[in-house]
Amino acid sequence: METSLVHSIPAQTRRHTWRVRTVSLVGPATAAAGLVWAILQPYRVTLLHPRGESFWWLVIEPPLLVVVVGIVFALFVARPLIADLEEGHAASR
């Protein structure tokens, strides 16, 4: 039986296009903006001082929603979009 082993892995240089970099940064930048907003305006986040507020009033806060949207975009929109962009870039070569 003969097996072929790979003794060295060729270095794959992945040059990301500006589109891929931009799409990959939108989600983290949005989440970071939400965190900065929550830090600069802590009175908007009623989780810090829940004076008899209902559950939905505590959860649906603009800074928290911005953070959640950034995370959801990064996980569920950006990853497939980046894969499509890289596939299209590889096909055009």
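Me: What is the mean pLDDT of the protein?
Reply: This is a predicted model, in which local features need pLDDT of at least 70 and side-chain atom pairs count only at pLDDT 80 or more, while totals for chains, interfaces and linings use all residues. Residues are numbered from 1 along each chain as its sequence is written, and side-chain values use heavy atoms, with hydrogens and water left out. The pLDDT is the predictor's confidence in each residue, from 0 to 100; 82% of the residues reach 70 or more, and the mean for the protein is 83.

Me: Which element of the protein has the highest mean pLDDT?
Reply: The protein has three helices and zero strands, where helices (H or I, at least four residues) and strands (E, at least two) are DSSP runs numbered from the N terminus. Among the elements, helix 2 (residues 55-59) has the lowest mean pLDDT, at 75, whereas the highest, 94, belongs to helix 1.

Me: How far apart are the end C-alpha atoms of helix 3?
Reply: The expected span of a helix is 1.5 Å times one less than its number of residues. Helix 3 covers residues 62-91, so its 30 residues should span 44 Å, and this agrees with the distance between its end C-alpha atoms, which is 41 Å.

Me: Where in helix 3 does the kink lie?
Reply: The bend at a residue is the angle between axes fitted to the seven residues ending there and the seven starting there. In helix 3 the kink is about 40 degrees, and it comes shortly before the proline Pro 80, at Ala 78.

Me: Which helix is included in what covers the buried residues of helix 1?
Reply: Buried means under 20% relative accessible area, exposed over 50%, and partly exposed in between (1.4 Å probe, protein chains only). In helix 1 the buried residues are Val 20, Val 23, Gly 27, Ala 31, Gly 34 and Ala 38. In helix 3, Pro 63, Val 67, Gly 70, Ala 78 and Ile 82 are buried, and their cover includes helix 1 (18-40). The cover of the buried residues of helix 1, in turn, includes helix 3.

Me: Which residues is Glu 61 in contact with, leaving aside its neighbours within four places in sequence?
Reply: Glu 61 sits in the loop between helix 2 and helix 3, and its relative accessible area is 6%, so it counts as buried. Contact means heavy atoms within 4.5 Å. With those sequence neighbours left aside, the contacts of Glu 61 are Arg 44, Val 45 and Thr 46.
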